[in-house]
Amino acid sequence: MSKVELLEEHRSFDGVQYKYRHNSEILGCPMTFSLFLPNKGNASEMPVLWWLSGLTCNDDNFTHKAGAQQAASRLGIAMVMPDTSPRGEEVANSEDYDLGQGAGFYLNATKEPWASHYQMYDYLTKELTELIRAEFLLNGPEFISGHSMGGHGALILGLRNPERFNSITAFAPIVNPSQVPWGIKAFENYLGDQKEKWAEWDALELMRKYSGRKIPILIDQGDADPFYKKELQPDTLVAAAKEKNVPLMLRMQSGHDHSYYTIATFIEEHLEFHLAQLKK
């Protein structure tokens, strides 16, 4: 019997957009995820993009707003879009938009009441990965990308697993959560006051200690993004990557903000970037 329940199915360009639900043992709750499959190529060899969304989002935001299906169909790239946190009445939550459900920060929480469910890193890298490979036979080369909190997630998953992900891209990522309000609030709640543990989930700290392969990274940041200087600070990651000789390209996009309008504008270029790194 299949481990997944089909919730939605939509023809989109030369491919199909799906939405599924399954019971997560790691998170201890039902979870949804979206999946786009182009109608070309062998699934076992097809490149796979993992997309991680930002604060307040779920797996629908990217599928509905980014318009990535046309480019993914043309390029023959499958796309996996998980939710941003565990969900449900039994799952700890907060009235604040930047903590709790919708704000999982893609880490493994160690402090209660969060630790019982908020194990998003293990969920993504183990449970959902195994499910995607077993149920859909997607065993091809993998890329990772995300936006804001999801950009943070893409960076930490990519830097912690450089042997798995061929390349990383991000839109307006939180690169140094240990030092900015969004990240400090999340880390204090999810991880407690042992700040030495915070570095394990901080892209800047991971880059400063990085010794893996030279994984290519592309970041797009709008200069009209209201969170650019206070919460995001991608320039700090550029400097650290230069020290480690990691090929990181930061593109400042004039007039662009923090919205999905920016993502929709440049997502095709991100998919092409990933495929170009694979061909190299």
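## Salt bridges, surface and loops of a predicted model

At 35% relative accessibility, Glu272 counts as partly exposed. This is a residue of a predicted model. Its salt-bridge partner is Arg74, and the two side chains meet at 2.9 Å, N to O. Arg74 lies in helix 2 (residues 69–75) and Glu272 in helix 10 (residues 260–279), so the pair ties together parts that are 198 residues apart in sequence. Arg74 is partly exposed too, because its relative accessibility is 42%.

**The chain as a whole**

The chain has 280 residues, and 61% of them count as buried. It holds 10 helices and nine strands. Its C-alpha trace spans about 45 × 45 × 35 Å along the principal axes. How does the radius of gyration fit a compact globule? A compact globule of 280 residues would have a value near 19 Å, and the 17 Å of this chain agrees with that.

**Salt bridges**

Side chains of opposite charge can pair when their charged atoms come close. The structure holds 15 salt bridges. Three of them are set out here.

| Pair | N to O distance |
|---|---|
| Arg11 and Asp14 | 3.5 Å |
| Arg74 and Glu272 | 2.9 Å |
| Arg164 and Glu142 | 2.8 Å |

Take the pair of Arg11 and Asp14, whose side chains meet in a salt bridge. Arg11 is exposed, because its relative accessible area is 62%. Asp14 has a relative accessible area of 35%, so it is partly exposed.

Next comes the salt bridge between the side chains of Arg164 and Glu142. Where do these two residues lie in the chain? Arg164 is in the loop between helix 4 (149–160) and strand 7 (165–171), while Glu142 is in strand 6, so the pair ties together parts that are 22 residues apart in sequence. Are Arg164 and Glu142 buried or exposed? Both Arg164 and Glu142 are buried. There is also a network: Lys19, Asp59 and Asp60 are joined by salt bridges that share partners.

**A charged patch on the surface**

Which residues form a negative surface patch? They are Glu188, Asp193, Glu196 and Glu200. Glu196 belongs to helix 6, which covers residues 195–198. Its relative accessibility is 53%, so Glu196 counts as exposed.

**Backbone details in the loops**

The loop between strand 5 (78–82) and helix 3 (120–136) contains Pro113. The peptide bond leading from Glu112 to Pro113 is cis, with omega near 10°.

Phe105 sits in the loop between strand 5 and helix 3 as well. Its phi is near 60°, a positive value in a residue other than glycine. Is Phe105 buried or exposed? Phe105 has a relative accessible area of 0%, so it is buried.

Leu137 is found in another loop, between helix 3 and strand 6 (142–147). The phi of Leu137 is near 60°, again positive in a residue that is not glycine.

**In brief**

The predicted model shows a chain of 280 residues whose radius of gyration, 17 Å, agrees with that of a compact globule. Among its 15 salt bridges, the one between Arg74 and Glu272 links helix 2 with helix 10. The one between Arg164 and Glu142 has both partners buried.

Notes. Residues are numbered from 1 along each chain as its sequence is written. This is a predicted model: local features need pLDDT of at least 70, side-chain atom pairs count only at pLDDT 80 or more; totals for chains, interfaces and linings use all residues. Side-chain values use heavy atoms; hydrogens and water are left out. Patches are made of residues with over 30% relative accessible area and no salt bridge: like charges are joined within 9 Å, nonpolar side chains (Val, Leu, Ile, Met, Phe, Trp, Tyr) within 5 Å. Accessible areas come from the Shrake-Rupley method with a 1.4 Å probe; for residues, only the protein chains shown count as cover. A salt bridge is a side-chain nitrogen of Lys or Arg within 4 Å of a carboxyl oxygen of Asp or Glu. Lys and Arg count as positive and Asp and Glu as negative; His and the chain ends are not counted. The place of a charge is taken as NZ of Lys, CZ of Arg, CG of Asp or CD of Glu. Helices (H or I, at least four residues) and strands (E, at least two) are DSSP runs, numbered from the N terminus. Buried means under 20% relative accessible area, exposed over 50%, partly exposed in between (1.4 Å probe, protein chains only). The radius of gyration is taken over C-alpha atoms; the globule rule is 2.2 Å times the number of residues to the power 0.38.
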